[in-house]
Amino acid sequence: MAVEQISLSGRKKVVSNKEMTFIEKIYLLTILKGLWITLKHLFRRKVTIKYPEEIREMSPVYRGQHMLMRDDEGRERCTACGLCALSCPAEAITMKAEERKPEEKHLYREEKYASIYEINMLRCIFCGLCEEACPKEAIFLTKSKKIANADYSREDFIFGKDKLVMPLEMAINNTKSNTAN
Amino acid sequence: MKVTIDGQSVEVEPGTTILQAARMIGGESVPPAMCYYSKLKGTGGKCRCCLVEVSKGSEADPRPMPKLMASCVTGCMDGMEVNSKNSDRVTEARKAVTEFLLINHPLDCPVCDQAGECNLQDLSFEHGKPETRFIEEKRTFEPENIGDKIQLHMNRCILCQRCVQVAEQLTDDRVHGVLNRGDHAQISTCVSAAIDNEFSGNMIDVCPVGALTDKTFRFKSRVWFNKPFNAHRECTTPGCCGKTTLWMFGNEIQRVTGRKDQYGEVEDFICNTCRFDKKEVSDWTIEGPKKFDKDSVINQNNYTRKTEKVVINTEENILQGREEDRKKISMAAIPLKNNDSK
């Protein structure tokens, strides 16, 4: 037997070029068969949801968009140690450190802070290793049900500090609720 | 003279210390050293990290030494038997020493520029405890400015006094040393004079922790994001070898250091001109990427290995196999003749 005809999987079929009969040529039976399948599926349970209006229930260990936290006094916790970028398997995180000036003590917790902190959301795989590596409890993956909004250009998916740092009002509210307890 | 360390024997010259003999053997039995520096005279005996157990003093006097010995200052004797990695006493003692060194050392590795190439990090990774038992306030000092090239963080200092030896042996007149005693001891420039000697920058390389760091590199990058290259230049400063390691980020030289070996010691000292002023690629002749231990953090995200280009010839080969294999598989004829031996 020629090598071309050997079928190791047993599923190899030789295509036949058989001429169709008259009944097969008018396709009526095959169309009805197909319509019957369509009709059956009309009454089945739907597997899709109408996404923006309906949102699927999230898993309890679900990880959403990152947030750079502030501490009780509203200062940024991140000190640009680079461990999140080091641990990131997708190499999505870049940062640039700067030294804190004496008049900026109310803004940053440590002597050094991240002047640029960027996460490329197109590269990010939401594995949460950055959160695990962070020694300052600065980066967290939130349960905000947000991953990254749809957009047109690639640059829009590189999230800087403007999108990542916790809003100040949220920090104030957190501190208030913490002191109340 | 024959010395046996962890069951491995080595022939050494008289006057060799146990630590040097262990480094000749290499591997896991080399004791860690925070204060000893082979390129500087008079270092060693201060940190007690390199404690070893001498189970047999010498051939003439085979009694074991009652206490653990600091291997960097204990000379070898003929027939001496030493336990380093093998001994539980030594492991326990090194754990205790590490804990003592960390008592006053701040936990600011995320901020520190030395992180990633810090001897104390390596030591505590191997011998340290994950938690602290120290509840008191840590010793702190007022920040002090010792010039625009070198940054002094006295809080991080472990008082190994390597930098004092550099100042004494490489520079003409020593302007800094140890002030005060005991818990208050600190390294300082005695007259707060800026260090402007041509070789003062070497105290950055010698410092085992982040107490003395390069101010021109301060907070620029983390060491593992830089790509280290060996490079050299014709240096006109007398005494400077001009052989360095460049720490590059893209095409930018962010930092220049001496070439360090596997124990974190520089091969030769370099001058301040090479270290601080020559930050252009055109100043240097780059020899090639610097190699590090396999598990060093500096190897992270480095793709310097040569990768072979893979060419896949699918269709024909998958379907029919290689020409020479096809013959064997289909076995057109019985390969062995009757009179061939099997």
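Two strands are taken to pair if DSSP finds at least two bridges between them. Helices (H or I, at least four residues) and strands (E, at least two) are DSSP runs, numbered from the N terminus. On these terms, β2-β1-β5-β3-β4 is the order of the 5 strands that form an open sheet in chain B, and the pairing is mixed.

This is a predicted model, in which local features need pLDDT of at least 70, side-chain atom pairs count only at pLDDT 80 or more, and totals for chains, interfaces and linings use all residues. Residues are numbered from 1 along each chain as its sequence is written, and chains are lettered from A and ligands numbered from 1 in the order in which they are written.

**The sheet of chain B**

The edges of the sheet are β2 (8-11) and β4 (69-70) of chain B; each has a single partner strand, so one side of each is left without a neighbour in the sheet. Strand β3 (residues 51-56) and strand β5 (residues 80-83) of chain B run antiparallel and are joined by 3 bridges. B:K56 stands opposite B:E81 in β5(B). Helix α2 (residues 88-103) of chain B packs on this sheet and touches β3 and β5 of chain B. The direction of helix α2 makes about 160 degrees with that of β3(B); axes are lines fitted to C-alpha atoms, for helices over the stretch in contact, and angles run from 0 to 180 degrees between N-to-C directions.

**Chain B as a whole**

Chain B has 8 helices and 13 strands. Its domain assignment, with bounds from an automatic or database source, gives domain 1 (2-100), domain 2 (104-218) and domain 3 (220-325). Two residues are in contact if their C-beta atoms, placed from the backbone, lie within 7 Å. By this rule, 15 residues of domain 2 of chain B are in contact with 18 residues of domain 3 of chain B.

UniProt lists residues 89-128 of chain B for "domain: 4Fe-4S His(Cys)3-ligated-type" in an unreviewed entry. UniProt positions are given in the numbering used here, feature names are shortened, and annotations may be inferred rather than shown by experiment. Over residues 89-128 of chain B the chain is 60% helix and 0% strand, with the end C-alpha atoms 15 Å apart.

**Between the chains**

The contact takes 14 residues from chain A and 10 residues from chain B. Strand β2 (residues 93-99) of chain A gives the most to the side of chain A that touches chain B, with 3 residues.

For "binding site", the unreviewed UniProt entry lists A:C78, A:C81, A:C84 and A:C134. They span 57 residues in sequence, yet no two of their C-alpha atoms are more than 10.5 Å apart, so they gather at one spot.

Leaving aside neighbours within four places in sequence, A:C81 is in contact with A:P135 and B:P110. On the same terms, A:C134 is in contact with A:L83, A:C84 and A:I139.
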